[in-house]
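Reader: Could we go through this structure together, one topic after another? I would like to understand how to read it.

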Amino acid sequence: MTRDPWHLLEEASLVLAVHAHPDDESLSTGALLASLVTAGTRVELVTATRGEEGEVVAGAIDPDDRRALDEVRGAEIDAATAALGITARHLLGSPPALADGAEPREYRDSGMQWVREGLAGPAETAGPTSFTSRPFGEAVEDLVALIRTVRPDVVIGYDDEGSYGHPDHVHAHHVTVAACEAAGTAMIEIASDPESTGFSWREQRDSLAAVEEALRAYRTQLTVLGVEEAGLEHAGRIRIRHVGGQDDAIDMRTGLRLRQ
């Protein structure tokens, strides 16, 4: 008998969300995570990379700000997770998201380039310490260590499309699947496509204010253009412009499926 993913989340006391870069938690799961927090669920987050390869919105960083981009993005994710109500955030490769006996390790942002239409790969600048280049087993062991320490009832991760196909997202999906299997923990996948079938969909419009605040924290990565007016077909969507100039709309609606 198939277990309903929403029912699992309703029963959960603690949920762990796995993401690839700072801002993914807000873009992909902000509405869901904020709604869980509102319902009284403890939510923790683990991010694989620091987002070192991200482009930067023009003018987002003061010319006198000498911090490295990963430090800037670290401050952004701190503000965003506070807005969503996330209790704790972790970095893969750093305790407690580190295998027993291992030296702390860094999973760098792999960047992205289109290999061909519909298929993305790591950027040419991705080095041996990038998330997609490091040994797969290391990342799995580190995530298993965190799961066994935090002991979540459910782990939330990407589906096999990895949202928009970023190689770090797809890699995070495979790492999360393997870690949950090793730890014996239920995994719930987030639908990448709003039209995907095989997922159970719900709206979280009460999360709108929290998600908007979280997205506004990411000044280096996106610009919040506004919120769709009430009464329209897509009322409650947050309109944004990504650093690359692409316009997008973040829905207060999430599709889930239980990983079998």
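Reader: Let me start with the strands: in which sense do S8 and S12 pair, and over how many bridges?

Author: Bear in mind that this is a predicted model. Strand S8 and strand S12, the latter covering residues 253-258, run antiparallel to each other and pair over 4 bridges. Within that region, arginine 202 has threonine 254 in S12 as its bridge partner.

Reader: And what is the order of the strands in the sheet?

Author: The sheet is open and has 7 strands, arranged as S3-S2-S1-S6-S7-S12-S8, with mixed pairing. Its edge strands are S3 and S8 (200-203), each of which pairs on one side only. From one strand to the next, the twist averages 30°.

Reader: Which strands does H3 touch when it packs on the sheet?

Author: Helix H3 touches strand S2 (42-47) and S3, and the direction of H3 makes about 150° with that of S3. Helix H4 packs on the sheet too, where it touches S1, S2, S3 and strand S6 (154-158), and its direction makes about 165° with that of S1.

Reader: Changing topic, how many salt bridges are there in the whole structure?

Author: A search of the whole structure gives 18 salt bridges. One of them joins the side chains of arginine 73 and aspartate 23, with an N to O distance of 3.5 Å. This pair links distant parts of the chain, since arginine 73 lies in helix H3 (residues 69-84) and aspartate 23 in the loop between strand S1 (14-19) and helix H2 (24-38), 50 residues apart.

Reader: Are arginine 73 and aspartate 23 buried or exposed?

Author: Both arginine 73 and aspartate 23 are buried.

Reader: What about arginine 105, which residue does its side chain meet in a salt bridge?

Author: The side chain of arginine 105 meets that of glutamate 141, at 3.9 Å from N to O. Here, too, distant parts of the chain are linked: arginine 105 sits in the loop between strand S3 (88-91) and strand S4 (113-116), while glutamate 141 belongs to helix H4 (residues 136-150), 36 residues away.

Reader: Why does arginine 105 count as buried, and why does glutamate 141 count as partly exposed?

Author: Arginine 105 counts as buried because its relative accessibility is 14%, and buried means under 20%. Glutamate 141 counts as partly exposed because its relative accessibility is 46%. Through shared partners, salt bridges join Arg105, Arg134, Glu138, Glu141 and Asp142 into one network.

Reader: Last topic: which residues touch the most other members of the largest nonpolar core?

Author: That core has 36 residues, and those touching the most other members are Leu9, Leu32, Leu36, Ile156, Leu215 and Ile238. Helix H2 supplies the largest share of this core, with 5 residues. If neighbours within four places in sequence are set aside, leucine 36 is in contact with Leu9, Val15, Thr41, Val43 and Ile156. Another core, of 25 residues, lies apart from the largest one and has Leu14, Tyr107, Val150 and Val155 among its members.

Notes. Residues are numbered from 1 along each chain as its sequence is written. This is a predicted model: local features need pLDDT of at least 70, side-chain atom pairs count only at pLDDT 80 or more; totals for chains, interfaces and linings use all residues. Side-chain values use heavy atoms; hydrogens and water are left out. A salt bridge is a side-chain nitrogen of Lys or Arg within 4 Å of a carboxyl oxygen of Asp or Glu. Helices (H or I, at least four residues) and strands (E, at least two) are DSSP runs, numbered from the N terminus. Buried means under 20% relative accessible area, exposed over 50%, partly exposed in between (1.4 Å probe, protein chains only). Two strands pair if DSSP finds at least two bridges between them. Axes are lines fitted to C-alpha atoms, for helices over the stretch in contact, and angles run from 0 to 180 degrees between N-to-C directions. Contact means heavy atoms within 4.5 Å. A nonpolar core is a set of buried Ala, Val, Leu, Ile, Met, Phe, Trp, Tyr and Cys residues joined through side-chain atoms within 4.5 Å.
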